[in-house]
Amino acid sequence: MSVFYFIAFLSILFSLLVIFAKNPVHSVLYLIITFFTFTIHYIILNAQFLAVVNFIVYMGAILVLFLFVLMMLNLNKDAEPTKSIYVKLAGIIGGGVLLVTLVGAIKLTAKSNPVVLQDVNLGSVQNLGRVLFNEFLLPFEVSSILLLSAMVGAVLLATKEGKPKATTV
Amino acid sequence: MESFFEAVKVVPLNHYILLSAIIFSIGVIGVLIRRNAIVVFMSVELMLNAVNLLLTVFSVYGNDPNGQVFVFFIMALAAAEIAIGLAIIVMIHRNTNSIDVDILNRLKW
């Protein structure tokens with residue numbers, strides 16, 4: 001039980017550090033630690049497949065992409081102009097109001113039951129694969145098309161626009 | 001192994017919802033107060049992950065594997081979004097030499 005609260009504290013601490021760190025590279029490194037705590041949350045919930053996917057896709061691929069772009073653009077310096085204190089204050093108040101609204105809505109609900117894992121195999125690769133390839137086969141294929149179009153779009157956007165090449169059309 | 005999960009599983013559902021709400025709000029605050037476009041993207045990632053965690057918790061709570069499949073789809077979507085977003089940021093940086101979101105106000109024309 002106390003494991004959850006310790007990990008939750010670490011999640012909140014490092015996500016606060018992500019948005020308040022001056023250097024963007026430090027932000028990315030804190031974000032990696034935050035996602036690692038999320039992986040531990042998934043392990044506590046016995047969602048093995050999501051833990052592995054979170055570890056590989058988020059910490060391995062997406063954050064490396066972030067670091068790559070940051071270092072390629074040579075932005076690892078503290079040159080970011082900060083917003084005025086009033087805008088920052090307004091942003092923090094706005095987010096705080098959202099949090100208060102959400103917490104108030106939770107408080108109005110009935111007393112919550114503990115989260116009990118009923119089926120140990122719920123988050124296993126076998127069980128999720130069976131669901132994914134039976135009920136969600138069409139969304140799975142559509143998401144592959146989404147990834148393909150994202151790849152084409154990223155290549156198209158990031159290539160340098162020089163002088164117009166001789167088009168074949 | 002099962003006794004470990006039984007020992008861990010006495011956390012009320014509300015505490016998980018509270019954790020996700022806090023992290024989601026931190027993501028919102030990050031979008032509002034930072035000017036670096038990449039940090040704004042990272043805050044969006046924080047929000048996506050808070051939702052992912054909550055979907056997983058509800059999936060375990062209701063003993064329904066569909067929630068975890070949805071998390072898988074959200075992860076695929078986030079990967080596509082980040083690839084496109086970072087490509088746009090690279091393009092903007094090449095054109096304006098800056099990734100300050102306050103400079104990128106040309107779309108209002």
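Let's start with chain B. Of its 109 residues, 46% count as buried. The secondary structure here is four helices and zero strands. Along the sequence, chain B reads α-α-α-α. Now the contacts within chain B. Take those between residues at least 6 apart in sequence: 41% of them join residues at least 24 apart.

One caution before I go on. This is a predicted model. For chain A, the mean pLDDT is 85, and 88% of the residues reach 70 or more. Within chain A, confidence is highest in H2(A), at 92, and lowest in H3(A), at a mean of 88.

On to the layout of chain A. The domain assignment gives domain 1, covering 1-82, and domain 2, covering 121-158. Their centres, taken over C-alpha atoms, are 23 Å apart. Five residues from domain 1 of chain A and five from domain 2 of chain A make the contact between them. What is on the domain 1 side? Three nonpolar residues, two polar and no charged ones.

Next, the interface between the chains. How many residues does each chain put in? Chain A gives 73 residues and chain B gives 62. On the chain A side, six helices each supply at least two residues: H1 (2-20), H2 (24-44), H3 (48-72), H4 (85-108), H5 (125-134) and H6 (137-158). By class, that side has 54 nonpolar, 15 polar and four charged residues.

Here is one contact set across the chains. Leu147(A) sits in helix H6 of chain A. Set aside its neighbours within four places in sequence, and Leu147(A) is in contact with Ala76(B), Ala79(B) and Ala80(B). Is Leu147(A) buried, exposed or partly exposed? It has 14 C-beta neighbours inside 10 Å, so it counts as partly exposed.

Now the core. The largest nonpolar core has 63 residues. Which members touch the most others? They are Phe66(A), Tyr16(B), Ile38(B) and Met42(B). Both chains contribute. From chain A, H1, H2, H3, H5 and H6 each supply at least two residues. H3(B) gives the most, with twelve residues. Why does this core lie between the two domains of chain A? Domain 1 (1-82) and domain 2 (121-158) both give residues to the core, so it lies between them.

Let me zoom in on Ile38(B). Leave out residues up to four places away in sequence. In chain A, Ile38(B) touches Pro24(A), Phe66(A), Val69(A) and Leu70(A). In chain B, Ile38(B) touches Ile89(B) and Ile99(B). Phe66(A) is on that list, and Phe66(A) is also one of the core members that touch the most others.

Last stop, H3(B) itself. This helix has 26 residues. From first C-alpha to last, H3(B) reaches 38 Å, close to the 38 Å expected at 1.5 Å a residue. Is H3(B) mostly covered or mostly open? Mostly covered: 19 of its 26 residues are buried. And what comes just after the helix? Asn63(B), with a positive phi of about 55°.

To recap. The interface takes 73 residues from chain A and 62 from chain B.

Technical notes: Residues are numbered from 1 along each chain as its sequence is written. Chains are lettered from A and ligands numbered from 1 in the order in which they are written. This is a predicted model: local features need pLDDT of at least 70, side-chain atom pairs count only at pLDDT 80 or more; totals for chains, interfaces and linings use all residues. Domain bounds come from an automatic or database domain assignment. Two residues are in contact if their C-beta atoms, placed from the backbone, lie within 7 Å. Ala, Val, Leu, Ile, Met, Phe, Trp, Tyr, Cys and Pro count as nonpolar, Asp, Glu, Lys and Arg as charged, and the others, Gly among them, as polar. A nonpolar core is a set of buried Ala, Val, Leu, Ile, Met, Phe, Trp, Tyr and Cys residues joined through C-beta atoms within 7 Å. A residue is buried if 20 or more other C-beta atoms lie within 10 Å of its own, exposed if 12 or fewer, and partly exposed in between; C-beta atoms are placed from the backbone. The expected span of a helix is 1.5 Å times one less than its number of residues. pLDDT is the predictor's confidence in each residue, from 0 to 100.
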